[in-house]
Amino acid sequence: MNAPRPHPAECPIGVFDSGVGGLSVLRHIRAQLPAEHLLYFADSGHAPYGEKTEEFVVERALAVTAFLLDHGAKALVVACNTATVAAIKAVRARYPELPVVGVEPGLKPAAAASRNGKVGVLATARTLKGEKFLQLREHISATTHAEFLLQPAVGLVDQIELGDLQAPKIAAMLEQYVAPLLDQGADTLVLGCTHYPFVRSGIEQVLAAHDCADVVLIDTGDAVARQLGRLLETGALLRAPSPAAPATLRGFTTARPAALSAAFRALLDLDPPVAAADV
């Protein structure tokens, strides 16, 4: 006899990224929606997405989404700027009934926060070349007259994935990529990849070294969690708190489970079960 299907609200939320960067979004989701069961998928075996073709990223996003749905996901968070830009349209087309939230670089809040209208955008090369991003930039520029200064941070995701956030190589990359934006007068900086909040302190050190400590940093993880909550509420999918059945978290990865487990511990001080996924 088949086990009864759980009520949809009791099902987990699927969260995925090319690697560990989406843990910065997961942190906000856990804070705002503490009753929700969560599945986190790190596609580290195929990372980084930022230097792959759009077709490749779409293929991966659809495959990972199918995996998470097979594991009962009631909603999906594409916790990766590159995958959002390249693939969220395809995911929504394939699964029109699935609540899907993507991560977009925070151009609108950055334009609102900027005092001089010059906004630096630190992101992967794939994000900055994506049609979705370019349309967003054009729209926000037209409505706010903000100037967006684009800086691809080539290789930074790879270094963050290694786990040593204090590594001299990361510090050198942050100087290399942030300083030119400051030189051009940016007073606001968009962290346009979910990996980047984990090196926020390093970015702040660069700002201080250039006497730019008042530069505003924009991280959109909080807004993603709020939008997820709205979609779940609209669809009557919010899970009620249950002391008898506390929220669970499970991890999956296409690379070594030990590496994702180490990232959970180092970045979020968590130790959930992690399994390998052949996707």
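Two strands count as paired when DSSP finds at least two bridges between them. With that in hand, here is a friendly tour of strand β7 (residues 188–191) in this predicted model. In β8, T188 has V216 as its bridge partner.

**Strand β7 and its neighbours**

- Strand β7 and strand β8 (residues 216–218) run parallel to each other, joined by three bridges.
- To get from β7 to β8, the chain passes through helix α9 (residues 200–209), and this β-α-β crossover is right-handed.
- β7 also pairs with strand β5 (residues 118–123), again in the parallel sense, over four bridges.
- T188 of β7 has V119 standing opposite, and V216 is the bridge partner of T188 in β8.

**Side chains of β7**

- In a regular strand, side chains alternate between the two faces of the sheet.
- In β7, T188 and V190 point one way, while L189 and L191 point the other way.
- Are these four residues buried or exposed? T188, L189, V190 and L191 are all buried.

**Cysteines**

- How many disulfides does the model hold? The count comes to zero, with a pair of cysteine sulfur atoms needing to lie within 2.5 Å.
- C193 is in no disulfide: the nearest cysteine sulfur belongs to C80 and is 6.4 Å away.
- C193 has a relative accessibility of 7%, so C193 counts as buried, the cut-off being under 20%.
- C11 is buried too, because its relative accessible area is 14%.

Key. Residues are numbered from 1 along each chain as its sequence is written. This is a predicted model: local features need pLDDT of at least 70, side-chain atom pairs count only at pLDDT 80 or more; totals for chains, interfaces and linings use all residues. Side-chain values use heavy atoms; hydrogens and water are left out. Buried means under 20% relative accessible area, exposed over 50%, partly exposed in between (1.4 Å probe, protein chains only). Helices (H or I, at least four residues) and strands (E, at least two) are DSSP runs, numbered from the N terminus. A crossover is right-handed if, with the strands pointing away from the viewer, the path from the first strand over the helix to the second runs clockwise.
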